[in-house]
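Here is a short tour of a protein model. Keep the 3D view open as you read.

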2 protein chains.
Amino acid sequence: MRRLLVLLALLAFMVFLISYGHGGADHSEGAAEGGHTSVYGFLFQVVVILLAAKIGGELFETMKQPAVLGELVLGMMLGNLQLAGITALESFKTDPALVLFGEIGVILLLFEVGLESNLKSLLAVGASATIVAALGVIAPIGLGYGVSAWFLPDAAWYVHLFAGATLAATSVGITARVLKDLRKMHTKEARIILGAAVVDDVLGLIILAVVSGLISSINAGSSGEISLGPVMLIIGKSVVFLVVAVLAGGYVGRLVLDAGAKSKVGGMAVVLTICHCFSLAGLAELLGLAPIVGAFAAGLVLTERDYEGYTHMSHEKFQEIVAPISSVLVPVFFVLMGLRVDLHSFADIHVLELAAALSVAAIIGKQVCALGVLEKGLNRIAIGVGMIPRGEVGLIFAKYGASLMVAGIPVFSPDVFSAMVVMVMITTLATPPLLKLLFSKEPAEA
Amino acid sequence: MRRLLVLLALLAFMVFLISYGHGGADHSEGAAEGGHTSVYGFLFQVVVILLAAKIGGELFETMKQPAVLGELVLGMMLGNLQLAGITALESFKTDPALVLFGEIGVILLLFEVGLESNLKSLLAVGASATIVAALGVIAPIGLGYGVSAWFLPDAAWYVHLFAGATLAATSVGITARVLKDLRKMHTKEARIILGAAVVDDVLGLIILAVVSGLISSINAGSSGEISLGPVMLIIGKSVVFLVVAVLAGGYVGRLVLDAGAKSKVGGMAVVLTICHCFSLAGLAELLGLAPIVGAFAAGLVLTERDYEGYTHMSHEKFQEIVAPISSVLVPVFFVLMGLRVDLHSFADIHVLELAAALSVAAIIGKQVCALGVLEKGLNRIAIGVGMIPRGEVGLIFAKYGASLMVAGIPVFSPDVFSAMVVMVMITTLATPPLLKLLFSKEPAEA
């Protein structure tokens, strides 16, 4: 605790410096006159965000909760400092460089999720996992659509659809982390949950591509009706992109990594890995899909074996190449997410009601997963509970919803966005204790 | 060679994609209408820069030349593709996000230089190293001032002073790398060269702070005369900052690192190290110094021992924490540097003459260093030659000169900037073969 106070003191000092920097406008103007780009403002912003992320992460880890929630909560606190009269951090929310840093962070996060999921084990995932995943996507979309239509009767159909899609997400990271902490990683239940979570990722990304594409086509054609043509086009595009990215992207990626093997130039492995990831992420966006779809595919096709030529790093896991970069950029995404949550909207009982209804729909929606388990004698309820946390994937959906525009109006209003963040927090917070309870009857693995 | 062709083909494909992206303006406008920030343009830019950096680095390493020169040359080629009718890369030169990436890259580079130089050995550096360094700074400043005044009679005194300051820089990195390759790292000559290079770094940063500060004060007061007051103020500020940064910054940095030790939250070591570096770099700039001064100080105060609490990384050198990040960001700085060199200016005989004169002044200026060696029986000429390469430090000075403005006019015109880059390339290219020749008489170390 005393250790955290050191970080907290430094954080407070940095916030003070930023306030001072904004007050003393002479400085920045002087720098502007001098003609040299001033970077200290950005550097301090990054320091504030990183310190907040680590303080939040440490606090929540101590409470046996996922670190990502801590990043979110600290971000929410920083983002609402104006309630305490400190307005210096308001610029964080729209600073283009910070937003870009966060975007790259989430690209690297999905790349790492892809690296962790192995293509072979993904293809070998049993029928159960696939059925569990499909049920766990269909049910929450339906329930989410219903809740949204009930609470927001004046909103367009695509708002309800996006709300449903946000409820469909499952966070592999949080589920895996909890099962690992419980030493239940190798139970059949765990394997089904994790397999389903991976299938879920792919389904979720396709849904995101479809919904975003639909909204783009509304913007282009300005017709508010659902037509099957564009939906099929986007599903087709996503599937074709994923298949091509996995086949051609994997081939080119291995060629590129091979070209750098045995090189004496420093940082070759990192740089070529980043090039591989950024190329596929950029290509996905160029084709009208989300860049994270490409990043996930980029991670999926690489295996440890592709780094065999880089002899000096044979002893460490290849994931660690990107880890130092992502551990700086990923927290920027989540803290910024928290920063954008407006605590004012919680004073609105309507927002709290929506958040509660969405959370109930999110939890019930995933319990349908238990019906998809084909094997007998398994703890079906545990599987349904294991699929509950929305975590970072839900947040990514919520953020897309808040930034996608139809006729100049965001799909998710600030109120809906806040309610979605609360739903993500409730589902993510509820899972670890529930899982612990459900698995506590059985003996732990060696 | 065939391996490099793979990277070259991917580079060409990316340049094509960027050209296509610019041509097909529908895409970016569509994305803008959709309201979502489009990142693929930036991702592709980064991929192009990183591939160019690694191709250049690999080519030059194969020719036993420093990789940084390759990054520069490939950058020059990319930056002048409009001569071949390809204009898509022109936007690279002024893209604010890329410029920011490069700025952070150079901050991390100086942080790493600081990490490599140990404060103790810096203080313990013999009298010889200090005298060698001082002579190696004074002589090039005088010669550089003279050459600049001769070739640019109409320019103001601060142009000449900045030209002299640029000639004073020594690149620790390149010198150390060549001596290491020659297995001469532990000779007395090598130790004096490296010690002097470290002192040189500190002197160079103080000179940069002084010259930049003078130019700022000219902008503020608009008097073109030299007055001793501001000069002394800036020297005082720099020295006080360095001392305070080393004492207080070191203390706070260790406190912060200690606060994160034993944490289970991932990426704690990287994130806190970055916070330490960015804080001091930002503070330096807030006080009117260059951010790299703060970054260097931040690196100087950290030692391997400060990471003892991070048990899971005890087996690797702590420098490697930042290496993956810097190996992505540092090349951005050097490739952008090359991009800004206008090959048109080489058609101007005046630029080539200036470049030749500056190179001669740069080489002769460092030979004065030999006079500062107190010990007898040493290869004095080798020490003078070892100080010749300007490398990345000279480039940093040249870039500051090109971006600092007095009354809306840059201190270094594009012509002078190009001449400076040529000078850096000549001095850096000349050193490895000369050193090899001078040391070849003696037997190599075991």
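**Where the chains meet**

The contact between the chains takes 65 residues from chain A and 66 residues from chain B. Two residues are in contact if their C-beta atoms, placed from the backbone, lie within 7 Å. On the side of chain A that touches chain B, the elements giving two or more residues include helix H1 (2-23), helix H3 (40-62) and helix H12 (268-286) of chain A. Helices (H or I, at least four residues) and strands (E, at least two) are DSSP runs, numbered from the N terminus. H3(A) gives the largest share of that side, 12 residues. By type, the side of chain A that touches chain B has 38 nonpolar, 19 polar and 8 charged residues. Here Ala, Val, Leu, Ile, Met, Phe, Trp, Tyr, Cys and Pro count as nonpolar, Asp, Glu, Lys and Arg as charged, and the others, Gly among them, as polar.

Residues are numbered from 1 along each chain as its sequence is written, while chains are lettered from A and ligands numbered from 1 in the order in which they are written. The predictor gives the complex an ipTM of 0.81 and a pTM of 0.82. pLDDT is the predictor's confidence in each residue, from 0 to 100. Chain A averages a pLDDT of 81, and 85% of its residues score at least 70. Residues 23-36 of chain A have a pLDDT below 50; this stretch has 18 contacts in the model beyond near neighbours in sequence. Where pLDDT is low, the predicted coordinates should not be read in detail.

**Chain A as a whole**

Chain A has 18 helices and 2 strands. Of its 446 residues, 56% are buried. A residue is buried if 20 or more other C-beta atoms lie within 10 Å of its own, exposed if 12 or fewer, and partly exposed in between; C-beta atoms are placed from the backbone. Among contacts in chain A with a separation of 6 or more, 78% join residues 24 or more positions apart.

**The core**

Which residues have the most contacts inside the largest nonpolar core? They are Leu51(A) and Leu51(B), in a core of 323 residues. Domain 1 (2-27 + 38-94) and domain 2 (106-439) of chain B both give residues to this core, so it lies between them. A nonpolar core is a set of buried Ala, Val, Leu, Ile, Met, Phe, Trp, Tyr and Cys residues joined through C-beta atoms within 7 Å. Domain bounds come from an automatic or database domain assignment. Leaving out residues up to four places away in sequence, Leu51(A) touches Leu7(A), Leu10(A), Leu11(A), Met14(A) and Cys275(B).

| Pair | Apart in sequence | C-alpha to C-alpha |
|---|---|---|
| Gly144(A) and Ala362(A) | 218 residues | 7.4 Å |
| Ala419(A) and Val341(A) | 78 residues | 9.1 Å |
| Leu283(A) and Phe241(A) | 42 residues | 9.3 Å |

Gly144(A) lies in helix H7 (residues 127-151) of chain A. It is buried, with 26 C-beta neighbours inside 10 Å. Ala419(A) lies in helix H18 (residues 414-439) of chain A. It has 31 other C-beta atoms within 10 Å, so it is buried. Beyond residues up to four places away in sequence, Ala419(A) touches Val351(A), Leu354(A), Ala355(A) and Leu358(A). Leu283(A) lies in helix H12 of chain A and counts as buried, with 23 C-beta neighbours inside 10 Å.

**Enclosed helices**

Look at helix H13 (residues 291-301) of chain A. There, 11 of the 11 residues are buried, so the helix is largely enclosed by the rest of the structure.

In chain B, 12 of the 13 residues of H4(B) are buried, so this helix is also largely enclosed by the rest of the structure. Its cover includes helix H3 (40-62), helix H14 (323-339), helix H17 (391-403) and H18 of chain B.

Helix H15 (residues 349-367) of chain B has 19 residues. Its first and last C-alpha atoms are 27 Å apart, close to the 27 Å expected at 1.5 Å a residue. That expected span is 1.5 Å times one less than the number of residues. Buried residues of H15(B) include Val351(B), Leu354(B) and Lys366(B). The buried residues pack against helix H7 (127-151), helix H8 (157-168), helix H16 (380-386) and helix H18 (414-439) of chain B.

Terms used
This is a predicted model: local features need pLDDT of at least 70, side-chain atom pairs count only at pLDDT 80 or more; totals for chains, interfaces and linings use all residues.
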